[in-house]
Amino acid sequence: MKYLHCQIRVGDFEKWKSVMEKDASAQHEAGLRLTRLWRTVDVPGHAFIPGQAFFLMEVQDAEKARTYLTSLFLTWASQRATVHQYEYHFTEEVPLPVA
């Protein structure tokens, strides 16, 4: 299985999340399935960056996913999702040895 890992920093997490939820059918058409979503929390003694989030998607077809990501970045801009920064990586799971 291949995955898309993304780290993102947004101005308004709830607005960005709403845009992502509305785009679920386009994600599905691109062979992507959102499986996990995390956001940072304020913990004393650790760096806290408001609006920082991470998400994980299963990827069926990396090329279709790349095309979708190009449109997603435009969607974020047109829907004013206030995305300040993002970084993403396509990965695959590596089996661990059985102990």
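R33 is partly exposed, with a relative accessible area of 46% (buried is under 20%, exposed over 50% and partly exposed in between, with a 1.4 Å probe and protein chains only). The model is predicted, and local features need pLDDT of at least 70, side-chain atom pairs count only at pLDDT 80 or more, and totals for chains, interfaces and linings use all residues. Residues are numbered from 1 along each chain as its sequence is written, and side-chain values use heavy atoms, with hydrogens and water left out.

The side chain of R33 forms a salt bridge with that of E58, at 3.1 Å from N to O; a salt bridge is a side-chain nitrogen of Lys or Arg within 4 Å of a carboxyl oxygen of Asp or Glu. Helices (H or I, at least four residues) and strands (E, at least two) are DSSP runs, numbered from the N terminus. E58 counts as buried, at 16% relative accessibility.

Across the whole structure, four salt bridges are found. One of them joins E14 and R39, whose closest N and O atoms are 3.2 Å apart. This pair also links distant parts of the chain, with E14 in helix α1 (residues 13-22) and R39 in strand β2 (residues 32-39), 25 residues apart. E14 is partly exposed at 48% relative accessible area, and R39 is partly exposed at 46%. A further salt bridge, of 3.3 Å from N to O, is formed by the side chains of R66 and E63. These two residues are three apart in helix α3 (residues 62-78) and are therefore separated by about one helical turn. R66 is partly exposed at 38%, whereas E63 is exposed at 52%.

Helix α1 also carries a cap: a side-chain oxygen of D12 lies 3.2 Å from the backbone nitrogen of E14, at the N-terminal end of the helix. Within α1, F13, W16, V19 and M20 are buried. Viewed down the axis of α1, the buried residues fall within an arc of 125°, so they line one face of the helix; the arc is that of the directions from the helix axis to the C-beta atoms. The elements covering these buried residues include β1, α2 (24-29), β2, β3, α3 and β4.

The largest nonpolar core has 21 residues, of which W16, M20, L32 and W76 touch the most other members. A nonpolar core is a set of buried Ala, Val, Leu, Ile, Met, Phe, Trp, Tyr and Cys residues joined through side-chain atoms within 4.5 Å. Two or more residues of this core come from each of β1 (2-10), α1, β3 and α3, and α3 gives the most, with six residues. Neighbours within four places in sequence aside, L32 is in contact (heavy atoms within 4.5 Å) with Q27, M57, E58, V59, A65 and Y68.

H89 is located in strand β4 (residues 83-92) and is partly exposed, with a relative accessible area of 41%. Residues up to four places away in sequence not counted, H89 touches Y3, L4 and H5. The side chains of H89 and E87 are joined by a polar contact of 2.7 Å; a polar contact is a pair of N or O atoms within 3.5 Å, where within protein one must be able to donate a hydrogen and the other to accept it, and residues adjacent in sequence count only if both atoms are side-chain atoms. H89 and W76 are 13 residues apart in sequence and 18 Å apart in space, C-alpha to C-alpha.
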